Amino acid sequence: MFAFLRQIRATVASWWSEFTLQTKLMAAATLVVSLIMSGLTFWAVNTIQEDARLGDTRFGRDLGLLLAANVAPLIDENRTELARFSHRFYSSTSSIRYMLYADAEGNIFFGIPFSESEVQNSLTIRRKIHLPDNYAEDTEAPMVRQHMTPDGEVTDVFVPLINGGVYKGVLAIGTNPNPTVVTSSHLTRDVTIAVFVSIWVMVILGAVFNALTITKPIKELLVGVKNISSGNFKQRVDLPLGGELGELIGSFNEMAEKLERYEEQNIEELTAEKAKLETLVSTIADGAVLLDIEMQIVLVNPTARRLFGWEGETVEGVNLLRLLPSPVQAEITRPLYQIAKGELREGAEFRITLKEPLDRTVRILLTTVLDVSRENVKGIAMTVQDITREAELNEAKSQFISNVSHELRTPLFNIKSFIETLHEYGEELSLDEQREFLETANRETDRLTRLVNDVLDLSKLESFKLYNFEAVDLAQPIEQTLRTYRLNARDKGIELIQEIEPNLPPVLGHYDLLLQVFTNLVGNALKFTETGGKVALRAYLLDSAVQHHQAKSPFLCPPPESCVTEDALGFRHVRIEVADTGIGIDTDDQYAIFDRFFRVENRVHTLEGTGLGLSIVRNIIEKHSSRAHLVSEPGVGTTFWFDLRVFQEGASADEVARRLQQQGDHSLASTSEATTEPQTSLVST
């Protein structure tokens, strides 16, 4: 039962919710008006009925007193006359419903339309009248009351029968209501019902008219507004209406047309801005990935595709965590969800080493993308930076610090040990032993000096110091270098060879810097060449005779295609080679041989060094607008070579820089500038 009532209530509520506000207000107003009208009508009917009851009460009381006065003497004297009188009176009026006579004990002895004999014969018992509880026998005033019967309302009048001051019984009379009042009451009730029904009929007709003339256009407009709010600006309302509704529909269609044109313009502008944004993102050096809060990829640039190996794949709309390499996924999954939930507003930074698809070290920055109010998270921006070079440099610097620390600690320990020995036991040592200790301390001091000088030289070369270049006769620094190492070569049993082309023109350079290059290269060659080997320092002008000279050389030579007599600026070049028949350089080491802090002896484990010599050579050669190259084969030997421009009168360093700028050749360093991290170009055999 309760379920049925709930279902009805839900049905009514759903039905009522479908009506518009205007219809609901109209129905409520109609209900209020109808209730007021009905209330007034029923109040009038009740007033009439109350007045009728009062009239019936007075009529019944007066009639009862009149009959009681006439029939009281006949109760004891002649009941036949009483019956005859009562019949005549009952027959003469339609206002009497019944008449009952009862004695003092309440036994009914006569009644109209029921007689005593009829009552006794029909029920075989004597009937007694049941008087009301508040009926008083000792009063002459009648008692009046009304009650409802199947045939309508009846006014009961109970009149005491007193004769000679003695209570003889009671006369009960039932009177009918006034027919005129009843007819008026019924008429009023019918009019009230008719008014109520008429009002609701008018409301229903008005609602139908409203639905046909007003509600339908409004619903059409409502549907059109909803379509426009959802982005469908092609919506139009076509209803043949005039007046205010017609103007409203026309204004709506005009607004939709303007919005459609505005949308087209905005789409073009947004498309252009999106293209600009995508172009900008695609050209930045770092990888960029834009995510929504569901971790779906919205935008990704080519750098990120390359770093994560997504080339040729459609990753937009795919969950990022399904595509990331395992190391990256393990690191950033939790922070990504924390940022998406708003728990991590400041973002996060990670440094991760990747093995696939490339061996790289990357830095990943996660940044929160907020809405205009800066309160809600709309997405996540992920920046991926390739810091492999930085990591390698940091590792190289750490290795250099370790090497320098070791190199510094060993000579310092030796110097301290020998000096302390001389200080404490000098008198007990012989003169030869004292001289040996001092020579050892001196050698260790020289070793420290070389290390410190190499570090200072490299720092100076990688700074922005300007050098003055002039004409340099290469025979002089070459001769000075060979003279310096001739004694060392003789002690090791290595042959030093000097091959300088006759009448070699001077080159544009810096004497001290070139001397340092020759010193480092020849020193390295002697260090890595075994007894019985050869070290050659050669210089010649690049022309057609060079290849014949190279063909007869016992050393590894640069490839023939590297011999260009003039460059694009019209300068001729002199080539310098430092060749040896030493242990050679492995192919894997050739790639990093010119890097700072790189030491071949780390792999060979035989000789000492700082790992700065070749890096100094590279920086000096690039100061001369050239590059250092090598050809090497393990077990055969190594040749380092580079080209220097021939000095021309009037073509100073500033002239060279000017020509470089005119040609747009920015691949070579200017003679007045130094690069912090120059690139190395290697030539293999």
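Let's start with helix H4, which runs over residues 79–92: its 14 residues reach 20 Å from the first C-alpha to the last, close to the 20 Å expected at 1.5 Å a residue. Please keep in mind that this is a predicted model. The protein has 685 residues, of which 40% are buried, and its elements number 18 helices and 17 strands.

- Leu-82, Ala-83, Ser-86 and Phe-89 are the buried residues of H4.
- These buried residues line one face of the helix, because they fall within an arc of 135 degrees when you look down the axis of H4.
- On the face turned away from that buried side, you will find the exposed residues Thr-80, Ser-91 and Ser-92.

- Phe-85 and Phe-89 are four residues apart in H4, which puts about one helical turn between them.
- Are they buried or exposed, given the 20% cut-off for buried? Phe-89, at 19% relative accessibility, counts as buried, while Phe-85, at 21%, counts as partly exposed.

**Aromatic pairs**

- The protein holds six aromatic pairs.
- One of them is formed by Phe-85 and Phe-89, whose ring centres are 6.4 Å apart; their planes lie at 20 degrees, so the pair is stacked.
- The rings of Phe-594 and Phe-640 have centres 6.0 Å apart and planes at 90 degrees, so this pair is edge-to-face.
- Phe-594 sits in the loop between helix H15 (587–590) and helix H16 (601–604), and Phe-640 is in strand E17; at 46 residues apart, the two link distant parts of the chain.
- Phe-594 and Phe-640 are both buried.
- Tyr-101, Phe-109 and Phe-110 come together in one aromatic cluster.

**Nonpolar cores**

- The largest nonpolar core contains 42 residues, and Leu-474, Phe-518 and Ile-576 have the most contacts inside it.
- Elements giving two or more residues to this core include helix H12 (475–492), strand E14 (534–541), strand E15 (573–580) and strand E17 (637–645).
- Helix H13 provides the largest share, with eight residues.
- Leaving aside residues up to four places away in sequence, Leu-474 touches Leu-504, Val-507, Leu-514, Phe-518, Ala-539, Val-574, Ile-576 and Leu-644.

**Whole-protein figures**

- Of the contacts with a separation of 6 or more, 62% are between residues 24 or more positions apart.
- The accessible surface comes to about 39700 Å², and carbon and sulfur atoms account for 55% of this surface.

Methods: Residues are numbered from 1 along each chain as its sequence is written. This is a predicted model: local features need pLDDT of at least 70, side-chain atom pairs count only at pLDDT 80 or more; totals for chains, interfaces and linings use all residues. Side-chain values use heavy atoms; hydrogens and water are left out. The expected span of a helix is 1.5 Å times one less than its number of residues. Buried means under 20% relative accessible area, exposed over 50%, partly exposed in between (1.4 Å probe, protein chains only). The arc is that of the directions from the helix axis to the C-beta atoms. Contact means heavy atoms within 4.5 Å. Accessible areas come from the Shrake-Rupley method with a 1.4 Å probe; for residues, only the protein chains shown count as cover. A nonpolar core is a set of buried Ala, Val, Leu, Ile, Met, Phe, Trp, Tyr and Cys residues joined through side-chain atoms within 4.5 Å. Rings of Phe, Tyr and Trp (its six-membered ring) pair if their centres lie within 6.5 Å; planes under 30 degrees apart count as stacked, over 60 as edge-to-face and the rest as tilted.
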